[in-house]
Amino acid sequence: MTQAFQSPGFAALAGDRAVETRLVEERWQAVAWDLGTGRRRVVTDRPGGVHLSEIEPDGEAIWWFDADGAGEGRWWREPFAGGTGGEALRGVPRGRAYGVAFDRTGALAAAVVGVDGGSHCYLGPPAGQARLIGSAPGYLGLADLSPDGRLLALGGRPDGDDAVVLLPTDTRADGPLRLAGHRRLRLWPIEFNPLAVLEPELLVVVEEDERYTVATWRAGAGLTGYPRLSFDSQISAGWYQGPRGVLIQHERAGRSRLLLADLDPPTERGPRSRGAARPGPVGRRPAGHDPSEQGRSEQGRAEPAPPAREISTPGGTIHDLSCAPDGTLHCVWSRESTPPRPLVLRPGTEVAHDLDADRGDTSRSRRWTPRPYGRIHSFVSTPAGPGPWPTLFLVHGGPATHDRDSYDPRVNALVDQGYAVVRTNYRGSTGYGARWQHEYGHRVGLAQIEDLAAVRAELVADGTALAERTGLCGFSWGGYLTLLAMGAQPRLWSLGMAAQPIADYPAAYRTTTPALRELDRQLFGGTPDEVPERYRAADPRSYVHQVRSPVLLVASRTDERCPPGQVARYAADLRRLAVPHELLWVDGGHYSRRTADHRSVLAAMVRFAGHAWPAPLPRTPRGDRPEVPPDPLEGGEHP
């Protein structure tokens, strides 16, 4: 989905200044916004667009990241009012942007860049010379710089030894402190309390015992969980006004809600506690084995805080959220029938729910498909009138994300062509709790396509989907699932369209980014060399000889996440096997910053589907339809 804007980033010490990343002539650009005058000034004019922008705490300058098609580049700085700009931090090499943060006054800035497979932390005055203060192999994302500029909070693998890394900026001090996670305890650092200047206090989200809980870390107290602020599915959090106020965004079953809470308990008592939850858009901060007793340090437990207070919202999804210094919340909001729009919330006031009515030519429903391990949630959109229809599963990527009650122009475009569109939150999706996200063993891909097959069977049985014309359409990891299902479940799917996919998992692992290699190690429990049988079972190329139906492949030669070579090899396999297919090369890398590129890919998919399914098939009476085999791998061989 392409939005026209993101929520603004506000200058903490200059409430009338903000930066936005907006679509300008169909390209994302950094825009300076003077709230006092209402004037907006386009700061950048990059042909490929700009995805990352920040503003200094005093509002004096805008930072933006100038990335090439492979995602590598530098941070640049330009005065808010215009004028001569330059490098934001001198001496920082080109690399991938792993986060940027400022101290309380903006006198110091920190940036983490990914270079040669490692994460490198730099510190210096804005526009001044930076110094390297630490490096680590693999991926570490910068969560925040403490208000006094003395401590960096970084996040690695949430269930690994470097889940939270607290790195002193004084290289003469002791080395970094690490808070370790493990399989049943995952930690995400979010941001430092901006008002805790003398003793840094870090907000953390902890996943433990299938709950997501708000927690804090301080040097003297360790990690303290707040059991009253515990949820059954993913949350985001951020400091909000006052010394102990917290804003929480809770994601559940495809919808968002916002809550306010105060961490100060009536009393405090004794030691012990482990717990807290997951970061997201709140505060505009980037994210980034068996447990041992050494990794389980004692934590102080806080008495339950007062109950959280829910903020009135119109339902649907909050895609992005930021907080102005006066406490006003600026959101990007949508629901299935309403395109993304700005939504300004002032806690304590009701939201007027005078929103657009649903389109009259689309029927929308939510389905829960029961399985022994839980219920699979899907959003189904169909053309007006009676079914069954040719049906496309629009498979989300991630896997750690989920389809929502939100507007997606691809859905409307496909429904307008006469297709039913299904968006399924398979196992591995967020928004349905820890068990749904993690507990499918290391059957990567296979568990997910089982869920897609189960939903397909239900839709065929109830007359929504034409059994002879059900297909898959996916982007990134969704494209990977599309290719895997086309080979492993060849009798179920008569069309597959995969954009920027993983087509050869072991090869993709070896050539993708460090952050994604870390994710793959988490999903599979190791590398292709350590657990080759798991990668082989999850690899689309293991099943390519069983593909029977037309396949569209869309790839970019500058895609750093799902590199082009492995897609080209899969296309060569299809060509050798005489499977009808098309390989379309596009610009823009893994995720283009130009809306025209997204429209052209969608147009190619509509064209390809129309070719594969050229005219409506006679509708088979429901009672005469062939049964769908209960085993989603039926018709395929396990490698």
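Aspartate 66 forms a salt bridge with arginine 46, with 3.1 Å between the closest N and O atoms; a salt bridge here is a side-chain nitrogen of Lys or Arg within 4 Å of a carboxyl oxygen of Asp or Glu. The pair links distant parts of the chain, 20 residues apart: aspartate 66 is in strand E6, and arginine 46 is in the loop between strand E4 (39-42) and strand E5 (53-55). The model is predicted: local features need pLDDT of at least 70 and side-chain atom pairs count only at pLDDT 80 or more, whereas totals for chains, interfaces and linings use all residues. Residues are numbered from 1 along each chain as its sequence is written, and side-chain values use heavy atoms, with hydrogens and water left out.

**Overall composition**

- The protein has 9 helices and 37 strands, taken as DSSP runs numbered from the N terminus (helices: H or I, at least four residues; strands: E, at least two).
- Of the 639 residues in the protein, 58% are buried; buried means under 20% relative accessible area, exposed over 50%, and partly exposed in between (1.4 Å probe, protein chains only).
- The protein exposes about 25,200 Å², of which carbon and sulfur atoms supply 49%; accessible areas come from the Shrake-Rupley method with a 1.4 Å probe, and for residues only the protein chains shown count as cover.

- Strand E11 (residues 118-124) has 7 of its 7 residues buried.
- Both faces of E11 are covered, with Gly118, His120, Tyr122 and Gly124 on one side and Ser119, Cys121 and Leu123 on the other.
- Strand E10 (residues 109-115) runs antiparallel to E11 and is joined to it by 7 bridges; two strands pair if DSSP finds at least two bridges between them.
- Valine 112 has cysteine 121 in E11 as its bridge partner.
- The hairpin of E10 and E11 has 2 residues between the strands, and aspartate 116 takes a positive phi near 55 degrees there.
- On E11's pairing with strand E12 (residues 131-137), the strands run antiparallel and 6 bridges join them.
- Leucine 123 has arginine 131 in E12 as its bridge partner.
- In the hairpin of E11 and E12, with 6 residues between the strands, alanine 127 has a positive phi near 70 degrees.

**The sheet E27-E28-E29**

- Three strands in the order E27-E28-E29 form an open sheet with antiparallel pairing.
- Strand E27 (317-323) and strand E29 (338-345) are the edge strands, each pairing on one side only.
- From one strand to the next the twist averages 15 degrees, with axes as lines fitted to C-alpha atoms (for helices over the stretch in contact) and angles from 0 to 180 degrees between N-to-C directions.
- Strand E28 (residues 329-335) pairs with E29 in the antiparallel sense over 6 bridges, and tryptophan 333 has arginine 341 in E29 as its bridge partner.

**Aromatic rings**

- There are 15 aromatic pairs, where rings of Phe, Tyr and Trp (its six-membered ring) pair if their centres lie within 6.5 Å; planes under 30 degrees apart count as stacked, over 60 as edge-to-face and the rest as tilted.
- Tryptophan 63 and phenylalanine 102 make an edge-to-face pair, because their ring centres are 5.0 Å apart and their planes are at 85 degrees.
- Tryptophan 63 lies in strand E6 (residues 61-67) and phenylalanine 102 in strand E9 (residues 95-102), so the pair ties together parts 39 residues apart in sequence.
- Tryptophan 63 and phenylalanine 102 are both buried.
- The rings of tyrosine 509 and tyrosine 535 have centres 6.0 Å apart and planes at 70 degrees, so this pair is edge-to-face.
- Tyrosine 509 in helix H5 (residues 505-511) and tyrosine 535 in helix H7 (residues 532-538) are 26 residues apart, and both are buried.
- Tyr426, Trp477, Tyr480, Tyr505, Tyr509, Phe524 and Tyr535 are linked into a cluster by ring pairs.

**Charged side chains**

- Arginine 375 lies over the face of tryptophan 368, at 4.3 Å from the ring centre; the rule requires NZ of Lys or CZ of Arg within 6 Å of the ring centre and within 35 degrees of the ring normal.
- Arginine 557 lies over the face of tryptophan 585, at 4.0 Å from the ring centre.
- The structure holds 36 salt bridges.
- Aspartate 66 counts as buried at 17% relative accessibility, while arginine 46 is partly exposed at 31%.
- Glutamate 210 and arginine 435 meet in a salt bridge (2.6 Å, N to O).
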